[in-house]
Number of protein chains: 2
Amino acid sequence: MTRRTAVGLVVLALTLALPLPAAAQTGDLRAQIEKVAKAWEKAYNSGDAAALAALYTKDALLMAPGVEAASGTKAIQALFVKDLAGGLKNTLTTGDVVGAGDHAVETGTWVATSADGKHVDHGGYMTLYKKEGGGWKLYRDIWNSAMPQK
Amino acid sequence: MTRRTAVGLVVLALTLALPLPAAAQTGDLRAQIEKVAKAWEKAYNSGDAAALAALYTKDALLMAPGVEAASGTKAIQALFVKDLAGGLKNTLTTGDVVGAGDHAVETGTWVATSADGKHVDHGGYMTLYKKEGGGWKLYRDIWNSAMPQK
């Protein structure tokens, strides 16, 4: 082995072990997370509590306002059954997405409208995603309303 | 350069580029984040809005319930001035801490008590921290109340 080959191998090893350039990685991650957020929105607006719960990991924790935190698929689905009874539609807008490895965090805003499209409520959310089986699932989720509390 | 030296360099290069063992990194990170959470708690319970705001990055976003999101030091400090006017004390309990590189996420629970120690409110929070100048600062922060909304 020549010195040139040895140096080449070291450079190759470093290149393989280093992450992708930040910009490329971030863009890809954001697209992946937005896709899951859109799936959440679709499930919510279809009134499908089971589909919503299936977007969360089995050990997920959901902290919704006005109720105690729901842990695990069954409790999360039950929480959404009650929540969906309100008959509102939800629109999510992704703000920031940051992440590394098997975790990603999204912050965003939501707007709830009535069946006839009138603004009912709005606020912010933060979601911690975990990579499972090659896809992203919601692992920790919290939202609140920015409207004055009655 | 011998073949042995070349292989050794490749192994060294890979070792340098790989992160610390997960367990060691997680334990250390959790202690660092809990320290900041305790500083938040201390500042809150001292009624010090400026000290609270100083724990956030200059471009931080705070999503507190019942008010529009506050962005930046000045708006965050103003939000805390109003919040602290309630005269409550706040106790935080860190749940999970996950992170990598320059970001970390904490989920936890909080309990608010009156000056005479009576339970007033409680709920959950999620905080995204960012490393700045070697220390952790709050970058995105949200909480809500788990108590039934009036």
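This is a predicted model: local features need pLDDT of at least 70, side-chain atom pairs count only at pLDDT 80 or more; totals for chains, interfaces and linings use all residues.
**Figure 1. The open sheet of chain A.** The sheet has 6 strands, in the order S2-S1-S6-S5-S4-S3. Pairing in this chain A sheet is mixed. Strand S2 (70-71) and strand S3 (89-100) of chain A stand at its edges. Each has a single partner strand, so one side of each is left without a neighbour in the sheet. Helix H4 (residues 73-84) of chain A lies across strand S1 (56-63) and S2 of that chain. The helix runs at about 45° to S1(A).

Figure 2. Chain A contains 4 helices and 6 strands. Read from the N terminus, its elements follow the order α-α-α-β-β-α-β-β-β-β. Chain A has 150 residues, and 30% of them count as buried. Consider the contacts in chain A between residues at least 6 apart in sequence: 45% of these join residues at least 24 apart.

Figure 3. In chain B, 6 strands make an open sheet, ordered S2-S1-S6-S5-S4-S3. The pairing in this chain B sheet is mixed. Its edge strands are strand S2 (70-71) and strand S3 (89-100) of chain B, and each pairs on one side only. Helix H4 (residues 73-84) of chain B packs on the sheet. The helix touches strand S1 (56-63) and S2 of chain B. Its direction makes about 45° with that of S1(B).

Figure 4. Strand S4 (residues 103-113) and strand S5 (residues 119-132) of chain B run antiparallel, joined by 11 bridges. Val105(B) has Leu128(B) as its bridge partner in S5(B). Thr109(B) has Gly124(B) as its bridge partner in S5(B). The hairpin has 5 residues between the strands. In this hairpin, Gly117(B) takes a positive phi near 85°.

Figure 5. Leu128(B), the bridge partner of Val105(B), has Arg140(B) as its partner in S6(B). Gly123(B) has Ser145(B) as its bridge partner in S6(B). This hairpin has 2 residues between its strands. In the turn, Gly133(B) has a positive phi of about 55°.

**Figure 6. Strand S6 of chain B and its parallel partner.** Strand S6 spans residues 135-145 of chain B. Of its 11 residues, 9 are buried, so S6(B) is largely enclosed by the rest of the structure. S1(B) and S6(B) run parallel and are joined by 4 bridges. Leu62(B) stands opposite Asp141(B) in S6(B).

**Figure 7. Leu62(B) in the nonpolar core.** The largest nonpolar core has 65 residues. Leu52(A), Leu62(A) and Leu62(B) have the most contacts inside this core. What does Leu62(B) touch, not counting residues up to four places away in sequence? The residues touched are Tyr56(B), Ala69(B), Ala70(B), Ile76(B), Leu79(B) and Asp141(B).

**Figure 8. Asp83(B) in helix H4.** Asp83(B) has its place in helix H4 of chain B. Why does Asp83(B) count as partly exposed? Asp83(B) has 17 C-beta neighbours inside 10 Å, and a residue is buried only if 20 or more lie within that distance and exposed if 12 or fewer do, so Asp83(B) falls in between. Asp83(B) and Gly47(B) are 36 residues apart along the chain, with 9.4 Å between their C-alpha atoms.

**Figure 9. Lys35(B) in helix H2.** Lys35(B) lies in helix H2 (residues 22-45) of chain B. Lys35(B) counts as exposed because it has 11 C-beta neighbours inside 10 Å. Lys35(B) and Ala54(B) are 19 residues apart in sequence. Their C-alpha atoms are 15 Å apart in space.

Key: Residues are numbered from 1 along each chain as its sequence is written. Chains are lettered from A and ligands numbered from 1 in the order in which they are written. A nonpolar core is a set of buried Ala, Val, Leu, Ile, Met, Phe, Trp, Tyr and Cys residues joined through C-beta atoms within 7 Å. Two residues are in contact if their C-beta atoms, placed from the backbone, lie within 7 Å. Two strands pair if DSSP finds at least two bridges between them. Axes are lines fitted to C-alpha atoms, for helices over the stretch in contact, and angles run from 0 to 180 degrees between N-to-C directions.
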